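Here is a short report on one structure.

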Amino acid sequence: MLLQPIRIITSNTLLRASISSNACFIKSYNLRRPRRAYLYVPSSSTRMLEKSLTNKSDTLIYDLEDSVAPSQKEFARNNLVNFLSNNSHPANLPTSERISVRVNSIETPFFQDDIAAILLIPSVTMLVLPKIHSPEDLDKVSQSISQRSSSRPPRDPIKLVASIESARALWSVGEIAGWKSRDGVANICALLFAAEDFCADTSIIRTSSREELLYTRSKIALAAKAFQLQAIDMGMLRGECEEGRRLGFNGKQAIHPDQVPIIQSTFVPTEKEIERAAKILRQMEVSHAESKGAFGLDLGDGKGGKEMIDAPMLKQAEATIRLAKAAGLPIPST
């Protein structure tokens, strides 16, 4: 059914929203696969590369950095190029939107060779950049990409994921998130939190409570959201996944394939959240038909309690249904 624009009046502000006559209104949106799990794959291991072909991670980070010994850097780079360029199994390769490569830092002698090799692979559209401390670091990356643009076919801007790993990076995280390429060859698409590197740089001592990283994680997530970027959290434990989602992160890094389904099942709305969002959208339509703005949603506490629903909560409900649909979760019709 076509969406019908409605006007919601709240706090003396006229807002426009689009909802349909059932909770499946989101069908008309341009839905993209949600990026929840980011699995690292050591590029020096041919076995791991082959195993990645059957992994269901939303994003595969083919790694040339930390998981590769210095003596194996050139081998890993060539190994990855051959793997992603191998025409013997093109149908089995991950789709381009799922492929990313973590190159070595701009501070290393391996960076330029990494960029030169990876940009020749058409299926690579995303780079994970370790040790980005400032927007000037991103300028250097963009310049390296631009210098090699003439040697490869025209393509869309490369998507960049900036890894926040230091006190200096956190200090500049807003500028990093708002960075723009001067020549249009690259766009920043996400911020990634590298917790262990960050703790090493700042002398923070990790504890099971994770309280010592709450400020850092919150600041990274908020900076990402301020510039419509993805926010990728640290670690793996289910408790960390749930906590990361509450802080506003979109997904999490994984170092083992078994961690992927845990991440994917956590960074989506719960059944209860989806049901509540569907009720809000349905009731808002009814409220609009009655020329009302805000309305009371039954709390289901058996005492007749109601929760006041207005435009901000409608926005949250729309986001919940949008993510649920993108993740292929069922949406109740009432």
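## Terms and model

Buried means under 20% relative accessible area, exposed over 50%, and partly exposed in between (1.4 Å probe, protein chains only). Helices (H or I, at least four residues) and strands (E, at least two) are DSSP runs, numbered from the N terminus.

This is a predicted model: local features need pLDDT of at least 70, side-chain atom pairs count only at pLDDT 80 or more, and totals for chains, interfaces and linings use all residues. Residues are numbered from 1 along each chain as its sequence is written, and side-chain values use heavy atoms, with hydrogens and water left out.

## Helices H4 and H3

The buried residues of H4 include Pro 135, Leu 138, Val 141 and Ile 145. Asp 137 and Asp 139 are also among them. The buried residues of H4 pack against H3, E6, strand E7 (158–164), helix H6 (173–177) and strand E8 (186–193).

In H3 (residues 111–118), the buried residues are Phe 111, Asp 114, Ile 115, Ala 117 and Ile 118. They pack against helix H2 (73–85), strand E5 (99–102), strand E6 (126–129) and helix H4 (135–147). Contact here means heavy atoms within 4.5 Å.

## Salt bridges

A salt bridge puts a side-chain nitrogen of Lys or Arg within 4 Å of a carboxyl oxygen of Asp or Glu. The whole structure has 15.

Arg 217 forms one with Asp 233, with the closest N and O atoms 2.6 Å apart. Arg 217 lies in helix H8, and Asp 233 in strand E9 (residues 230–233). Both residues are buried. Arg 217 also meets Glu 243 in a salt bridge (2.3 Å, N to O). Glu 243 sits in helix H9, 26 residues apart from Arg 217.
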